[in-house]
Amino acid sequence: LPFSAESLSQQIMGAEISFQSPVWKGISAEAKDLITKLVVVDPAKRLTIDEALQHPWIQNVLALREQSE
């Protein structure tokens with residue numbers, strides 16, 4: 001799991017995330033970048049919804065969806 005069970009609440013509250021777990025092996029760098037920018041304790045530093053929607057990973061997913069329709 002991306003979060004250890006013992007300290008899950010502490011990790012969430014501190015926005016501590018590690019991508020070292022094998023669970024993250026197949027996750028793209030862009031996806032990890034988005035997650036890192038969304039899991040920020042200080043709301044002033046966290047991505048807004050508009051910024052998140054403009055993130056390259058989201059844009060790529062939307063483009064792929066359009067291509068498949």
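1. D33 first. In this predicted model, D33 is partly exposed, with a relative accessible area of 30%. The side chain of D33 meets the side chain of K37 in a salt bridge. The N to O distance is 3.1 Å, which is within the 4 Å cut-off.

2. Side chains of opposite charge can pair when their charged atoms come close. How many salt bridges does a search of the whole structure find? One. The D33 and K37 pair is that salt bridge.

3. H55 lies in the loop between α3 (49-53) and α4 (56-68). Is H55 buried or exposed? Its relative accessible area is 6%, under the 20% limit, so H55 is buried. Leaving out residues up to four places away in sequence, H55 touches E30, D33 and L34.

4. The aromatic pair. The count of aromatic pairs comes to one. The rings are those of F19 and W24, with centres 4.8 Å apart and planes at 90 degrees. An angle over 60 degrees counts as edge-to-face, so that is the class of this pair. W24 is buried, at 10% relative accessibility.

5. A29, for contrast. At 64% relative accessibility, A29 is over the 50% limit and so counts as exposed. Its C-alpha atom is separated from that of F19 by 10.0 Å. Along the chain, A29 and F19 are ten residues apart.

6. Overall make-up. Which elements does the chain have? Four helices and zero strands. From the N terminus on, the order is α-α-α-α. Of the 69 residues, 13% count as buried; H55 and W24 are among the buried residues. The accessible surface comes to about 5,400 Å². Carbon and sulfur atoms hold 59% of that surface. Take the contacts with a separation of 6 or more: 29% of them join residues 24 or more positions apart.

7. Confidence. The mean pLDDT of the chain is 85. A pLDDT of 70 or more is reached by 84% of the residues. Among the elements, which has the lowest mean pLDDT? Helix α1, residues 8-13, at 67. Helix α3 has the highest, at 97. Where pLDDT is low, the predicted coordinates should not be read in detail.

Terms used. Residues numbered from 1 in each chain as written. Predicted model: local features only at pLDDT ≥ 70, side-chain atom pairs only at ≥ 80, totals over all residues. Heavy atoms only, no water. Buried < 20%, exposed > 50% of the residue type's maximum accessible area, 1.4 Å probe, protein only. Helix = DSSP H or I, 4+ residues; strand = E, 2+ residues; numbered from the N terminus. Contact = heavy atoms within 4.5 Å. Phe/Tyr/Trp six-rings, centres within 6.5 Å; stacked < 30°, edge-to-face > 60°. Areas by Shrake-Rupley, 256 points an atom, 1.4 Å probe, with all protein chains shown as cover. pLDDT = per-residue confidence, 0-100.
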